Amino acid sequence: MSTFPKSKLLSSSADSPDFIPFALPDINSDEEEAVIEVLRSGWITTGHKAKEFENKFAEAVGAKFAVAVNSATAAMHLALEAIGLADDDEVIVPTYTFAATAEVVRYFGARPVLVDIDSDTFNISLSEIEKAVTPKTKAIIPVHIAGYPVKIEEINDLASRHGIHVIEDAAHAFPCEINNKKIGSISDFTCFSFYANKTITTAEGGMICTDNPEWADRCRIMSLHGISKDAWKRFSSQGSWKYNIIAPGFKYNLTDIAAALGIVQLDKAEQMRSRREYIASEYNKAFSSLDSVTLPYSDCKNVKHAWQLYMLRIVPEKLRLSRDQIIEELRKAGVGCSVHYIPLHCHKYYQDKYGFNDNNFPNAYAEYKKEISLPIYSSMKNSDIMSVIEKVQNILLSNAL
Ligand SMILES: *Cc1c(COP(=O)(O)O)cnc(C)c1O
């Protein structure tokens with residue numbers, strides 16, 4: 001089929017063909033065939049496949065409604081639009097997250113109120129949320145960092161006491177459960193990502209889950225120009241040429257090509273998750289004896305961990321090298337790593353706009369300084385896992401203090 005040098009494309013930052021990249025999608029001939037079928041069908045954008053993906057995804061997470069969109073960023077934007085966010089409002093967001101979680105609040109001119117995290121889990125701190133609530137607070141966007149669920153029931157209790165909405169950024173959290181409840185079935189909205197390095201992928205894609213039919217309708221309409229009828233109905237045999245614009249919407253619909261990929265990925269989501277769980281357990285076993293690192297928080301009592309990330313932390317006092325130097329050593333040894341995340345309050349835009357400095361959220365900053373994300377994806381071979389373990393051990397042991 002493809003004549004592209006695959007390993008070159010996927011590990012463009014490294015020179016060696018043995019380089020283990022930080023992330024890789026798990027895609028094989030099932031996905032290829034599903035995509036080709038759509039390409040040959042004559043209907044390549046939003047249509048029956050997108051609808052099928054929505055129905056299957058809603059069922060998988062226990063939500064009444066699922067609206068497929070082209071990113072989690074779009075999903076969160078639409079959820080905030082559906083609750084009527086306005087420029088004078090505030091939305092509580094953890095500082096320890098990706099750009100998307102807060103930028104969607106800025107789309108409305110509203111204020112993302114950043115709060116600190118719990119050091120053990122990297123997840124937003126419940127007590128810090130409580131302190132951040134004001135009469136202007138309209139919503140909270142908690143993030144399940146690495147796929148380890150936040151205390152979402154407590155957050156919902158707090159939110160309903162204050163009359164505010166909960167929109168989960170579940171970009172890392174599929175499949176994921178807490179106290180036998182699936183992430184996707186709990187809050188007002190749950191937004192998932194199917195970006196290339198997420199737990200299931202459609203290359204680019206996202207899903208909004210909600211149990212509220214009006215919100216689901218609003219998100220669907222606004223995902224396609226604010227037009228009151230789905231375009232695919234317009235162009236199908238039951239449709240007509242008539243349409244009505246009820247609001248200035250967006251262009252966030254998911255293509256059938258992407259949805260076909262998503263349907264296949266959804267089928268193997270649990271299988272891929274258990275492979276990541278296995279990788280995490282191998283890493284934990286191997287690194288538990290090193291006193292220069294701490295293992296990711298993984299008290300999995302009443303929790304199904306999605307293991308989207310394996311977040312190792314160094315103990316700086318025990319090492320001659322900095323975190324950044326260790327990442328560089330690993331890269332040279334052929335292991336791609338990353339850091340999740342540079343807290344939002346450390347970025348220029350948020351510092352300029354809101355006067356933050358690096359020390360404003362001490363837990364987030366301290367954990368960020370220690371964090372190294374190791375490769376954890378289901379297409380890793382056993383030899384890849386062994387190789388990562390060996391190289392991490394070598395570099396840490398030979399630089400121990
Ligand atoms: C990936 C990610 C997003 C954005 O997802 P897209 O589908 O790329 O828009 C949002 N939040 C977090 C925490 C993420 O990791």
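# Helix packing, ligand and loops

Modeller: To begin with the helices, α2 (residues 29–41) and α10 (residues 256–267) pack at an angle of about 150 degrees, and their axes are 8 Å apart.

Biologist: What kind of model is this, and how are residues numbered?

Modeller: This is a predicted model, in which local features need pLDDT of at least 70 and side-chain atom pairs count only at pLDDT 80 or more, while totals for chains, interfaces and linings use all residues. Residues are numbered from 1 along each chain as its sequence is written, and side-chain values use heavy atoms, with hydrogens and water left out.

Biologist: How are α2 and α10 oriented to each other?

Modeller: They are therefore roughly antiparallel, where angles over 145 degrees count as roughly antiparallel, under 35 as roughly parallel, 65 to 115 as roughly perpendicular and the rest as oblique. Axes are lines fitted to C-alpha atoms, for helices over the stretch in contact, and angles run from 0 to 180 degrees between N-to-C directions. Helices are DSSP runs (H or I, at least four residues), as are strands (E, at least two), numbered from the N terminus.

Biologist: Which residues of α2 and α10 meet?

Modeller: Asp30, Glu31, Ala34, Val35, Val38 and Leu39 in α2 meet Asp256, Ile257, Ala260, Leu261, Val264 and Gln265 in α10, contact being heavy atoms within 4.5 Å. By class, this contact of α2 with α10 has eight nonpolar, one polar and three charged residues, where Ala, Val, Leu, Ile, Met, Phe, Trp, Tyr, Cys and Pro count as nonpolar, Asp, Glu, Lys and Arg as charged, and the others, Gly among them, as polar.

Biologist: And α3 with α10, what angle do they pack at?

Modeller: Helix α3 (residues 48–61) and α10 pack at an angle of about 30 degrees, with their axes 8 Å apart, and α3 and α10 are therefore roughly parallel to each other. The residues of their contact divide into eight nonpolar, two polar and four charged.

Biologist: Switching to the ligand, which residues come nearest?

Modeller: Of the 16 residues around the ligand, Thr73, Asp169, His172, Ser193 and Lys198 come nearest, a residue being near if one of its heavy atoms lies within 4 Å.

Biologist: How far from an oxygen atom of the ligand is the polar side-chain atom of Thr73?

Modeller: For Thr73 the distance is 2.5 Å, while a polar side-chain atom of Ser193 lies 2.7 Å from an oxygen atom of the ligand, and one of Lys198 lies 3.1 Å from an oxygen atom of the ligand.

Biologist: Where is Asp26, then?

Modeller: Asp26 sits in the loop between α1 (6–10) and α2, and its side chain is joined to that of Ser378 by a polar contact of 2.7 Å. A polar contact is a pair of N or O atoms within 3.5 Å; within protein, one must be able to donate a hydrogen and the other to accept it, and residues adjacent in sequence count only if both atoms are side-chain atoms. Leaving aside neighbours within four places in sequence, Asp26 is in contact with residues including Glu31, Gln265 and Lys268.
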